[in-house]
Amino acid sequence: MNIEFSTDSVAAAKRLAYWRDAVCNTFADIECQAMSDTPFHARLTDAGLKGLHFCQSSSSPVQVSKNTALIRRSSHSNFMLCIQQEGLCVLHQNGLEARLFPGDMALLDSVRPYSVTFPAPAQQLIVHMQRDALLDVFDDAEHRCTQRISGARSTVRLVGQFMQGLSTQLHRPNPIDSKSSVAEALKIGALELIVSALSDVAPDQAEQPAQIARYRLLYRAQRYIENELTDPELTVEVVARALSVSTRRLQQVFKDCGLLPPSRYLWLQRLERCKAAYDQPEFVQHSISDIALMYGFNDFSHFSRSFKATYGCTPREYRSAHY
């Protein structure tokens, strides 16, 4: 499905607020800050294959960023290949900076805080790919983030041309069937080309191994928790044993990454999963307490108080407002 957002039809004074609400808060889980006093404008289109999406964006001077709080609530776990098409882009992640000019590209990791600044009007193609899919074919991907890949290289030019061509095709009214063998072949080919571009750059070894290990463990812990939420016996100790680390090590990783303790993360994920279920038609026949039990809450009074403290209303009030 193709998605498109644009400020073209929005009054100039309301464009930034519209963009923050429609794109930053709802679609992408990012923050957005205008970088000039001129009227804000932006346009974004998104289309893709299964596990591989192409986001074409253009805007007036702006900075977008993702902090630990946004990462915590986000369901996206992707690598993003940023391909600069017009203007200048400055990327920051993990204490590193990459300045991209037209034709250049760089990799970002969505599970680590980052900022992307466009100091002048710019256009960029962002290729979103599942973290695990890229790591399966290039296990050094995390070490190649925030490194400028020069568009002057022939391999990089080929990658950019292929990605732009595929993006253009997917944005047409009759795109490639995402379930077809052609789509799968294109996805594999795109990943292989991305790997070839990343392999062209020597990894920056400065302090990265320890930082990469921290974020990799954090990512594994978060995914394990999210996959096992229906287990009422799931605890931080269980997660630590499953990942072959100590509970103290797991707690320290969450702290070092600026997140709440893992026990709090687990608790909030349970609440969020219950809240989401109250919105979904397939759960309409389930009682509020049954859904709470389904996601590990065995004290309904405590659950109801926690839900209200977090979302400002009781589970019953929330569900009544949606059905």
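This is a predicted model: local features need pLDDT of at least 70, side-chain atom pairs count only at pLDDT 80 or more; totals for chains, interfaces and linings use all residues.
1. Six strands make up an open sheet, and taken across it their order is β1-β3-β4-β11-β6-β9, with antiparallel pairing. At the edges lie β1, residues 3-6, and β9, residues 105-109, each of which pairs on one side only. From one strand to the next, the twist averages 15°.

2. The pairing of β6 with β9. Strands of a sheet pair through backbone hydrogen bonds, in either a parallel or an antiparallel way. Strand β6, which covers residues 78-86, is joined to β9 by five bridges, and the two run antiparallel. A reader who wishes to find this pairing in the model may look at F79, whose bridge partner in β9 is D109.

3. The helix on the sheet. Helix α4, residues 154-170, packs on the sheet, where it touches β3 (42-49), β4 (52-59), β6, β9 and β11 (122-130). The direction of α4 makes about 95° with that of β4.

4. The helix pair. Helix α4 also packs with helix α5, residues 181-199, at an angle of about 150°, and their axes are 9 Å apart. Because angles over 145 degrees count as roughly antiparallel, α4 is roughly antiparallel to α5. The crossing in which α4 passes α5 is left-handed.

5. The residues between the helices. On the α4 side the contact is made by T155, L158, V159, F162, M163 and L166, which meet L186, A190, L193, I194, S196 and A197 of α5.

Definitions and conventions:
Residues are numbered from 1 along each chain as its sequence is written. Side-chain values use heavy atoms; hydrogens and water are left out. Two strands pair if DSSP finds at least two bridges between them. Helices (H or I, at least four residues) and strands (E, at least two) are DSSP runs, numbered from the N terminus. Axes are lines fitted to C-alpha atoms, for helices over the stretch in contact, and angles run from 0 to 180 degrees between N-to-C directions. Contact means heavy atoms within 4.5 Å. Angles under 35 degrees count as roughly parallel, over 145 as roughly antiparallel, 65 to 115 as roughly perpendicular and the rest as oblique. A crossing is left-handed if the near helix is turned anticlockwise from the far one by less than a right angle, and right-handed if clockwise.
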